[in-house]
Amino acid sequence: MKKLLFVFLFSFAIAVSAQKQEPAVWQERWLTTWATAQQTPVRSYMPYNNEMTFRSVRQIVKVSAGGNMVRLELSNELSSEPVEIRSVYIANAKEGWEIEPKSARYLNFHGRERVVIEPGKAVISDAEHFDLRPLQLLAITINYKKAPKEPTVHMGSRTTSYILKGYSNPEMSFANSFRYEKWFNIASVDVVNCSEPGIAIIGNSITDGKGSTTDKQNRWPDEMSKYLNSPSSPLLHSFKEVPHCAVLNLGIGNNRVLSVGYGKPAVERFGRDVLAQRGVRAVIVFEGINDLGTSREPLTTARRLIEAYKGMAEKAHQRGLRAYIATITPCKGSGYFSLGREAARQAVNAWIRNNKDYDGVIDFDELMRDPADKLQLRREWQSDWLHPNPQGYVAMGRFAAEFIVKQIGEHRF
């Protein structure tokens, strides 16, 4: 009897030890394939009452890298009330609100479908087997039991979300749902993928995709991801092998590096939004035009921007990450432009092109400026003389992808 008891206890100890060790093993292999930056609502841009209590909300995202094991991060970090969720299911997305019901999988949180997210917190679901293809559209449907009137959101989704009264299941129709171009509570999607690197981009509305096409996923990071992850990528004609990379868009419209616009300043959110993503090996910093465009003392702002850029590079390097920075694009013709602000932009770009703090420079200014007037965007690539149009974003995405391919080819990544 004692021998049997010893064998049982020994076996149990091994099992418990294995269970304790497993998360550490998985942790090393998780790669964030999609992410968005969290912010509080700005009422003038969110006229809907945001009533999510007893609602089902279907949200669509386009991933970058693929994998066969996934998990979802939900955020309530910027709300003052808890979020109570009855269930969450993911599925392959089709057109609009439609999904492939047979592909649907309910996610668990510590073994349960129900989860409460306390104010200021985020939760990550348990791992779930799911065949997630590179560049595919994924539908995330949340059945809310109770939600705050001031939710944690991403306002510039440029992607339609579908809101239905009551709870839903994968077989139900969302044809009569309310449509709203915002993301609610979804923060990131991870896959198990130990071979592909992640690139996290911090930026403002140009990165967030203002001027892109709703539901077409054609922001410049999307186009960059397409060039890096599609088998039919045009880069195949120029390079022997196109590396696959997760590309994460952490842009927020009207975000600033130093001061408060929309969302927390980049210097404050850099750790949470960029460095905390799983599997990231490189970061791209592309911010500053909102700081300069609203500044009353632009040369002072320029000096402060440079110091902030140095700090972000240092933090990335401390994590063992490669750090890249992009030049600030022109804005002549927009309300931001003045000769003083232009002088400050030129000073910042001169530092960016010659700095020793970053591992490389993506010269978006040189790419996007009009050869006939270098103070403004190319006419054929602009939407409002501040933001590119879809064709401009295609050019930026390919340009950034070619830069990354070169970095990898030269073993700098």
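Modeller: Buried means under 20% relative accessible area, exposed means over 50%, and partly exposed lies in between, with a 1.4 Å probe and protein chains only. Strands are DSSP runs of E of at least two residues and helices are runs of H or I of at least four, numbered from the N terminus. This is a predicted model, in which local features need pLDDT of at least 70, side-chain atom pairs count only at pLDDT 80 or more, and totals for chains, interfaces and linings use all residues. Residues are numbered from 1 along each chain as its sequence is written, and side-chain values use heavy atoms, leaving out hydrogens and water.

Biologist: How many residues of strand S16 (residues 246-251) are buried?

Modeller: In S16, 6 of 6 residues are buried. Ala 246, Leu 248 and Leu 250 cover one side, and Val 247, Asn 249 and Gly 251 the other.

Biologist: Which strand pairs with S16 over 6 bridges?

Modeller: Two strands pair if DSSP finds at least two bridges between them. Strand S15 (residues 198-203) pairs with S16 in the parallel sense; Ile 201 has Asn 249 as its bridge partner. The open sheet has 5 strands in the order S16-S15-S17-S18-S19, with parallel pairing. S16 and S19 (360-362) each have a single partner strand, so one side of each lacks a neighbour in the sheet.

Biologist: How are two packed helices described?

Modeller: By the angle between their axes and the distance between the axes. Axes are lines fitted to C-alpha atoms, for helices over the stretch in contact, and angles between N-to-C directions run from 0 to 180 degrees. The axes of H3 (residues 220-229) and H9 (residues 390-409) come within 7 Å and cross at roughly 50°.
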